[in-house]
Amino acid sequence: MSAEFNTIKRVTTNTLQEMKRQKHKISMLTAYDFTMAKIIDGAGTDIILVGDSASNVMAGHETTLPITLDQMIYHAASVIRATSRALVVVDLPFGSYQGNSKEALNSAIRIMKESGAHSVKLEGGKEIKESIERILTAGIPVMGHLGLTPQSIYKFGTYEVRAKEEVEAKKLMEDALILQQAGVFALVLEKVPAVLAKQIAKKLSIPVIGIGAGKWVDGQVLVSHDMFGMNEEFSPRFLRRYLHLFDDMTKATKNYIKDVQENKFPSEKEQY
Ligand code: KIV
């Protein structure tokens with residue numbers, strides 16, 4: 001692990017490439033608002049993802065499908081205002097890029113222009129190659145996302161681990177190579193067997209960031225609300241909770257209510 005990366009002023013796609021070369025693991029977390037992004041950026045996270053998981057975490061939808069491009073831009077602009085170190089990646093939402101490379105480019109341009117973000121992420125392999133290449137022609141860096149791709153949940157039917165069978169594993173490796181060749185600067189691998197993720201990370205020269213993809217990839221990403229323990233219902237095997245904020249915030253709220261009801265808040269010191 002090289003300390004030089006911890007003091008870097010602004011992480012770029014070149015920094016990430018160098019981190020892979022030097023085997024310095026890359027940290028990535030999601031953020032959707034100014035306050036959370038300020039904490040995560042200030043702590044030294046390398047990449048902040050304005051994920052379309054905002055659809056679940058911020059808006060309470062069951063899937064990532066309903067979130068719109070305008071809503072993603074709102075979240076991304078709030079995050080950008082808080083960050084000075086991390087590279088900010090924004091998800092292109094469902095319906096803003098699939099099957100139409102011109103629309104993909106327009107969506108990516110809107111995100112970059114209206115939020116000030118540094119790059120975009122798209123889900124899928126061979127089928128979105130043309131969209132990726134078109135976005136890259138505008139000088140917009142693109143991150144790929146393979147394995148469990150939540151925008152295709154109705155095709156998969158479940159949130160189970162992907163590519164356990166040889167045919168799907170082979171297709172995943174092929175897609176990873178296609179994305180690298182198309183020019184993505186990094187790849188997220190979600191919920192795939194650790195041994196397969198290891199083979200892909202070894203084969204690719206770009207960084208591979210895992211979520212539920214084991215320890216042999218080049219970096220890790222988690223949804224920050226899950227990592228902070230703000231969400232009690234979601235407990236996949238890959239999730240490590242570093243705090244239990246759901247419990248702590250519930251306790252704090254109960255204490256506040258009690259203080260208000262007993263007229264213990266505000267005190268004399270807390271009034272004008
Ligand atoms: O939207 C998101 O949060 C993501 C991560 C799970 C990688 O895509």
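Author: Let us begin with packing, in a model that is predicted. The buried residues of helix H4 pack against helix H2 (34-42), strand S2 (47-50), helix H3 (54-57), strand S3 (87-91) and helix H5 (101-115).

Reader: Which residues of H4 are buried, and how many of its 12 residues are they?

Author: A residue is called buried when its relative accessible area is under 20%. By that cut-off nine of the 12 residues in H4 are buried, so the helix is mostly covered. The buried residues are Leu-69, Met-72, Ile-73, His-75, Ala-76, Ala-77, Ser-78, Val-79 and Ile-80.

Reader: What span should the 12 residues of helix H4 have at 1.5 Å a residue, and how far apart are its end C-alpha atoms?

Author: The expected span counts 1.5 Å for one less than the number of residues. For helix H4 (residues 69-80) this gives 16 Å, and because the end C-alpha atoms are 16 Å apart, the expectation and the model agree.

Reader: Which residue forms a salt bridge with Asp-70, and how far apart are the closest N and O atoms?

Author: The general idea is that side chains of opposite charge can pair when their charged atoms come close. Here Arg-110 forms a salt bridge with Asp-70, and the closest N and O atoms are 2.6 Å apart. Since Arg-110 lies in helix H5 and Asp-70 in helix H4, the pair ties together parts of the chain that are 40 residues apart in sequence. Arg-110 is partly exposed, with a relative accessible area of 29%, and Asp-70 is also partly exposed, at 47%. Asp-70 and Arg-110 are linked with Glu-114 in a network of salt bridges.

Reader: Is Asp-91 buried or exposed, and with which residue does Asp-91 form a salt bridge?

Author: Asp-91 forms a salt bridge with Lys-121, with 2.7 Å between the closest N and O atoms. This pair links distant parts of the chain, for Asp-91 belongs to strand S3 and Lys-121 to strand S4 (residues 119-123), 30 residues apart. Asp-91 counts as buried because its relative accessibility is 2%, and Lys-121 counts as buried because its relative accessibility is 2%.

Reader: Which residues form a nonpolar patch on the surface?

Author: A patch of this kind gathers nonpolar side chains whose residues have over 30% relative accessible area. In this structure Tyr-256, Ile-257, Val-260 and Phe-265 form such a patch, with about 360 Å² of accessible area together. One of its members, Val-260, is placed in helix H11 (residues 245-261) and counts as partly exposed because its relative accessibility is 39%.

Reader: Where is Asp-175, and is Asp-175 buried or exposed?

Author: Asp-175 is in helix H8 (residues 166-182), and with a relative accessible area of 6% it is buried. When its neighbours within four places in sequence are left aside, Asp-175 is in contact with Gly-125, Lys-126 and Leu-146.

Reader: Where does Thr-7 lie, and how far is Thr-7 from Met-72 in space?

Author: Thr-7 lies in the segment before helix H1 (13-21) and counts as exposed, because its relative accessibility is 65%. From C-alpha to C-alpha, Thr-7 and Met-72 are 29 Å apart in space, while 65 residues separate them in sequence.

Reader: How many helices and strands are in the protein chain, and what is its radius of gyration?

Author: The protein chain has 11 helices and eight strands. Its radius of gyration is 20 Å, close to the 19 Å that the globule rule gives for 272 residues, so the chain is as compact as a globular protein of that length. Along its principal axes, the C-alpha trace spans about 65 × 40 × 40 Å. Of the 272 residues, 48% count as buried, and the chain exposes about 14,400 Å², of which carbon and sulfur atoms supply 54%. Among contacts with a separation of 6 or more, 57% come from residues 24 or more positions apart.

Definitions and conventions:
Residues numbered from 1 in each chain as written. Predicted model: local features only at pLDDT ≥ 70, side-chain atom pairs only at ≥ 80, totals over all residues. Heavy atoms only, no water. Patch = residues over 30% accessible without salt bridge, like charges linked within 9 Å, V, L, I, M, F, W, Y side chains within 5 Å. Areas by Shrake-Rupley, 256 points an atom, 1.4 Å probe, with all protein chains shown as cover. Salt bridge = Lys/Arg side-chain N within 4 Å of Asp/Glu carboxyl O. Helix = DSSP H or I, 4+ residues; strand = E, 2+ residues; numbered from the N terminus. Buried < 20%, exposed > 50% of the residue type's maximum accessible area, 1.4 Å probe, protein only. Contact = heavy atoms within 4.5 Å. Rg over C-alpha atoms; globule rule 2.2 N^0.38 Å.
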